[in-house]
Amino acid sequence: MPELPEVDTVRRQLSEKLPLPLKLEKISFSGISLRFPLDEKNARKKLTGQSLKKLSRHGKYLFFEWERGVLISHLGMTGHWRVDKIKDYKAKKHDHVQLYFADLVLTYNDPRRFGYVLWEDLFDQTALKKLGLGPDAIEWAIDDLFIKSMKKKSAPIKAALLDQRIVAGIGNIYASEILFHAGVKPTKKVSAVTRDQWKKIILQTHRILQAAIEGGGSTIDDYLQPDGAKGNFQDSHSVYGKKGNPCPKCKAAIVLSTQSGRSTFWCRKCQR
């Protein structure tokens with residue numbers, strides 16, 4: 001599933017391809033439901049004739065900001081957006097939403113239909129709260145109130161990193177990478193994580209996610225950039241997908257554990 005770096009790569013590439021602002025001529029739907037249904041009649045009424053002003057991101061969500069309102073996109077597991085010139089546009093299997101501008105068409109394609117698009121009349125903190133999103137991981141910081149609230153939690157630290165209400169944008173891949181470089185074992189209880197460990201976790205969160213953005217994200221299974229290219233950051237992973245490989249720090253074998261049905265890669269010697 002695309003995480004923050006992959007979604008930011010999508011945002012950046014779409015921004016480069018779309019000469020904003022752009023007036024919407026029409027919007028089309030496949031009629032096949034995505035993860036959550038969109039009121040297509042309302043979206044068509046609200047969007048047609050409006051100008052797309054800006055593309056932004058928070059966590060794993062992409063926001064298409066219009067003169068009035070916002071179209072919210074979550075890529076799910078296999079969703080992706082692409083831009084074509086209208087004269088070159090050819091519909092593809094699993095195209096679900098098409099936004100037509102004067103000479104461009106912006107298309108959402110999703111084979112597994114686990115992603116979705118939603119419409120909100122206002123784009124503000126209320127909209128983010130509706131999505132259950134905490135602070136964006138790139139801007140994440142801690143204070144005394146945060147430390148105090150974490151002392152009440154008994155969940156493993158990896159589960160906390162995956163909780164989008166605590167911090168938005170981290171998924172399974174980057175949680176393993178962050179905890180390895182912070183030297184914190186993934187099963188450690190949140191209540192036992194020290195302030196110094198939190199500082200290391202946040203430092204590594206910023207560093208790793210920024211490096212992944214610069215690398216175009218990680219392609220493990222289905223993720224592709226809007227230009228059809230794969231990400232490159234998977235080549236820089238230290239532990240994810242490296243079961244049995246020597247730890248890049250101590251040379252001990254990387255361990256694969258399962259937490260809540262998800263794979264966790266880590267080093268027993270380096271992570272405490």
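**View 1. S260 is exposed in a predicted model.** At 78% relative accessibility, S260 counts as exposed. The cut-off for that class is over 50%. The model shown here and in the other views is predicted. S260 sits in the loop between β10 (255-259) and β11 (262-266). Its phi is positive, about 50°, although S260 is not a glycine. Most residues other than glycine have a negative phi.

**View 2. R113 also has a positive phi without being a glycine.** The phi of R113 is about 55°. R113 belongs to the loop between β8 and β9 (116-120). Is R113 buried, partly exposed or exposed? Its relative accessibility is 37%, so R113 counts as partly exposed. That class lies between under 20% for buried and over 50% for exposed.

**View 3. A cis peptide bond leads from L20 to P21.** Omega of this bond is near 0°. P21 lies in the loop between α1 and β1 (22-23). Most peptide bonds are trans.

**View 4. Helix α1 packs on helix α7.** Helix α1 covers residues 4-17, and helix α7 covers residues 195-214. Their axes are 8 Å apart, at an angle of about 40°. The two helices α1 and α7 are therefore oblique to each other. The crossing of α1 and α7 is right-handed. Which residues meet here? From α1 come L4, P5, D8, T9 and R12. From α7 come L209, A212 and I213. The residues of this contact divide into 5 nonpolar, 1 polar and 2 charged. An α-helix has 3.6 residues a turn, so residues three or four places apart point the same way.

**View 5. Helix α6 is mostly covered.** After α6 comes G183, with a positive phi near 75°.

**View 6. W66 and F101 form a stacked aromatic pair.** A pair of aromatic rings is described by the distance of the centres and the angle of the planes. The structure holds 12 aromatic pairs. For W66 and F101, the distance is 6.4 Å centre to centre, with 15° between the planes. The pair links distant parts of the chain, 35 residues apart. W66 lies in strand β4 (residues 61-66). F101 lies in the loop between β7 (95-100) and β8 (104-109). Both W66 and F101 are buried.

**View 7. W81 and Y108 form a tilted pair.** What sets the label? The planes of W81 and Y108 stand at 50°, so the pair is tilted. Stacked would need planes under 30 degrees apart, and edge-to-face over 60. The ring centres of W81 and Y108 are 5.2 Å apart. This pair, too, links distant parts of the chain. W81 is in strand β6 (residues 80-85), Y108 is in strand β8, and 27 residues separate them. W81 and Y108 are both buried.

**View 8. Four aromatic residues form one cluster.** Its members are F36, Y61, F63 and Y116.

Conventions
Residues numbered from 1 in each chain as written. Predicted model: local features only at pLDDT ≥ 70, side-chain atom pairs only at ≥ 80, totals over all residues. Heavy atoms only, no water. Axes fitted to C-alpha atoms, helices over the stretch in contact; angles between N-to-C directions. Helix = DSSP H or I, 4+ residues; strand = E, 2+ residues; numbered from the N terminus. Parallel < 35°, antiparallel > 145°, perpendicular 65-115°, else oblique. Left-handed = near helix turned anticlockwise from the far one by under 90°. Contact = heavy atoms within 4.5 Å. Nonpolar A, V, L, I, M, F, W, Y, C, P; charged D, E, K, R; others polar. Phe/Tyr/Trp six-rings, centres within 6.5 Å; stacked < 30°, edge-to-face > 60°. Buried < 20%, exposed > 50% of the residue type's maximum accessible area, 1.4 Å probe, protein only.
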